[in-house]
Amino acid sequence: MTADDLRAALLRHLQYSLGKDRGTATVYDIRMALTLAVRDQVVTPWFESTRQTYAAQSKRVYYLSLEFLIGRLLEDAVNNLGLGKATQETLAGLGFDTAEVLANEPDAALGNGGLGRLAACFLDSMSTIGCPGMGYGIRYEHGLFRQRFHEGRQVEEAEDWLRERHGWEFERPEVSMLIGFGGHVDEVDGRMEWAPADAVMAMAHDTPIVGWQGKWANTLRLWGAEPIQTFDLDAFNRGDFVGATAQEAFARTISRVLYPDDTTPEGKELRLKQEYFFTAASLRDILRRFLTEYDDLTLLPEKVAIQLNDTHPAIAGPELVRILHDEHGMAFDQAVDIARGTLAFTNHTLLPEALESWPQDLMGRVLPRHMQIIARIEEAFLADHPDSPIRILEAGNVKMGELSFIMAHRVNGVSALHTELVKSTVFAELHQTFPDRIVSQTNGVTPRRWVLGANPRLSALITDTIGDGWVDDLEALQMFEPHIEDAGFIEAYATAKTENKAELAAWIKDTAGVAVDPAAMFDVQIKRIHEYKRQHMNILETIALWQAMRAAPDAGWTPRVKIFGGKAAPGYVRAKEVVRLINDVARVINADPVTGDMLKVVYPANYNVTMAEKLIPASDLSEQISTAGKEASGTGNMKFALNGALTIGTLDGANVEIRERVGAENFFLFGMTAEEVVACREDPQHQAKAIAASPRLAAALGAIGAGTFSEGDTERYAGVLGDLRGHDYFTVCADFDSYWDAQRTVDAAFADPARWMRMAALNTARSGWFSSDRTIRGYMADIWGIKPLI
């Protein structure tokens, strides 16, 4: 598509789709017209991909995920279709700045963190490889929440990304599924029939996801909840104006918010309804499509692969059994076998509390037939394995992790270490029973989004050096390793990083009001706020560093800018206290004339994909400091390494594999191993001993307790301090001195720019294995049993 063609298409949509002319068009109008013009170019490969899939009678993959953190789509599509130059010429000719137009697109509020971003990367890779498939999720009106800070505290506000028209989606009102809740179960003519008391309609909204060079496109289908009856006119005419819209309010509640606060019974019930809503709608859609091609449901495992992204869609097992057994008359045992042959489960956590469970009375009230089926699944499992200690139903709860495992033919971990820990901890007994069921698939990230799109300066340097084959074959990055010994190459690499940092510094000044020096080390930790991710250890080390700088301001310190980003779950009290602590510390340190530009702390609000695309290319140091044995994989660590940020981290998740590939000498390791963490916890005084042995740590904790950062309020952080001094489950204190020492090693390395840039470039050159294209090929071969169609 030439620039003239794109210009004509844009102006046509501006006039006929948006009802505007050039003279009155705003940036929004131009962005929407460009979106529609580019979307037109996606539709052709989208349709052709569907035709090829039907013609080949290919197996299809269906990826069920409660989150899809897709971010902005326009720049991705422009890059994948090779329309970058045409877009720039078109917009310049119309008097608009390309960066401003692209930035006008809101982030789609469809996810929270790594789980959702992984799902988005997988969709991109499936389309690039030519793996026929669809993603299924919920079309959240307000997403997780928009974060802002008030006096350091996190405040949650509703996201409003759908206030504007979503230019990428196609509404499918003809694809609507009736989804029921509650009611009762009756036996009729030997069959169990579920009669729900309430129901909503799940309406499909499709977004095409195009792969590299536009060779293939798959679909992200999101379900929006709609009432069966939109408005009760009789109630309205009786004066019951609220009651007249009650059904609409009930339905829309289901697809309004991602992860509603489940600390209340109402919130917990809503979460269960959300998970069943999208899972049931997706399964009905999958079976509808299957039955247009085949009339034998026993073929399902040969033609359909359903991947459950964590336990959120775990109800898929009982629901698929219910459909096959209750609605299609298949024998129960056969229905279980067919369902198991179709389903696979990705485990993302080693935290027992993160493996969902639901009270049995709640499950029985919301999904009474499923409660019966779950009991039968457990009964059949125990009949086959009478000595097993495993129970799906235990202590009044339905354990969704165990249900997912038992109902899947494959269970995968998401890094090598995580997979081994899954086998030895959370699913140890089930692994002994099914020793071949667990496989490992280390996560990856899409280079189209996280290098080509996010870091155009580095991308241009790579392409100028080795060509553009790396974009869909990321391991080709190793071809530029020999160039790292060239001083001219390293200078160009350093220039790209310096310019990225200057750009970020200007953005920080504009948005956060903090002036930072681009020559300082940009030290970044961006991820959801959780105790196991140990943002509180990072801020403790920051306090200790500030204290050391104040004590010896002329000691030749390496200047640092500590950058945090991430949201705390609304009901996670301790995480929200850590958010406030970071902001309180930032307020004090940033105003200190003694430390001045030697140390700054920045915490921009409302971290999302777009912010990550600003921060990662400009980062020098990547903080991957979780308690060993708690992080399943991580994908931020991969994005940072690809973009030339050095990692300071523990032997946790994919850090292990990153260190192996980039070289131990190019990675700053600290802390205990997973085994050592377990042993440490056996000593109930481990935290007290660590504090007693570390004057720096004791002083940092003491400053917090004395109200240094809380305007004299000595009780503000009593909870955080009580945890650290009382039991410190996540071993912050025990790892603190090792972390401090590693940070001083970082200082020394950064003080030698030539050495640092060489280490950074080696991280980029050796991180090509961490592509989601490689991950998807692994899933296709080891789990889904499917071959690409291009």
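Arg 148 and Glu 157 form a salt bridge in which the closest N and O atoms are 2.4 Å apart, a salt bridge being a side-chain nitrogen of Lys or Arg within 4 Å of a carboxyl oxygen of Asp or Glu. The model is predicted, so local features need pLDDT of at least 70 and side-chain atom pairs count only at pLDDT 80 or more, whereas totals for chains, interfaces and linings use all residues. Residues are numbered from 1 along each chain as its sequence is written, and side-chain values use heavy atoms, with hydrogens and water left out. Arg 148 is partly exposed, at a relative accessible area of 36%, and Glu 157 is likewise partly exposed, at 31%; buried denotes under 20% relative accessible area, exposed over 50%, and partly exposed the range in between (1.4 Å probe, protein chains only).

The count of salt bridges comes to 60. Among them is the pair of Glu 269 and Arg 365, whose closest N and O atoms are 2.9 Å apart. Glu 269 belongs to helix H9 (residues 265–293) and Arg 365 to helix H13 (residues 360–366), so this pair ties together parts that are 96 residues apart in sequence; helices (H or I, at least four residues) and strands (E, at least two) are DSSP runs, numbered from the N terminus. Arg 365 is partly exposed, with a relative accessible area of 47%. A further salt bridge joins Arg 449 to Glu 613, with the closest N and O atoms 2.8 Å apart. This pair links distant parts of the chain, Arg 449 lying in helix H18 (residues 447–453) and Glu 613 in helix H23 (residues 609–615), 164 residues apart. Arg 449 is buried, with a relative accessible area of 4%, and Glu 613 is buried, with a value of 16%. Salt bridges with shared partners also join Asp 523, Glu 541, Arg 560, Lys 562, Glu 623, Arg 744 and Asp 747 into one network.

One member of that network, Asp 523, stands opposite Leu 621 in strand E20. Strand E17 (residues 521–526) is joined to E20 by two bridges, and these strands run parallel. Six strands form an open sheet with parallel pairing, in the order E19-E18-E17-E20-E21-E22, where two strands pair if DSSP finds at least two bridges between them. Strand E19 (599–602) and strand E22 (668–669) are the edge strands, each pairing on one side only. Helix H21 (residues 535–551) lies across E17, strand E18 (560–565), E19 and E20, and runs at about 160° to E18; axes are lines fitted to C-alpha atoms, for helices over the stretch in contact, and angles run from 0 to 180 degrees between N-to-C directions. Helix H30 also packs on the sheet, where it touches E17, E18, E20, strand E21 (646–649) and E22, and its direction makes about 125° with that of E18.

Ser 633 is placed in the loop between strand E20 (621–624) and helix H24 (636–642), and counts as buried at 2% relative accessibility. Its side chain reaches the backbone oxygen of Val 414 at 3.2 Å. The side chain of Ser 633 also makes a polar contact with that of Asn 443 (3.4 Å), a polar contact being a pair of N or O atoms within 3.5 Å; within protein, one must be able to donate a hydrogen and the other to accept it, and residues adjacent in sequence count only if both atoms are side-chain atoms. Not counting residues up to four places away in sequence, Ser 633 touches Val 414, Ser 415, Asn 443, Met 638, Gly 653 and Ala 654, where contact means heavy atoms within 4.5 Å.

Positive phi values occur at Asp 189 (about 55°), although this residue is not a glycine, and at Asp 728 (about 50°), also not a glycine. Asp 189 lies in the loop between strand E6 (184–188) and strand E7 (191–195) and is exposed, with a relative accessible area of 80%. Asp 728, by contrast, is buried, with a relative accessible area of 3%, in the loop between helix H29 (718–726) and helix H30 (732–750).

The count of aromatic pairs comes to 28. Rings of Phe, Tyr and Trp (its six-membered ring) pair if their centres lie within 6.5 Å; planes under 30 degrees apart count as stacked, over 60 as edge-to-face and the rest as tilted. The ring centres of Tyr 62 and Tyr 136 are 5.9 Å apart with planes at 35°, so this pair is tilted. Both Tyr 62 and Tyr 136 are buried.
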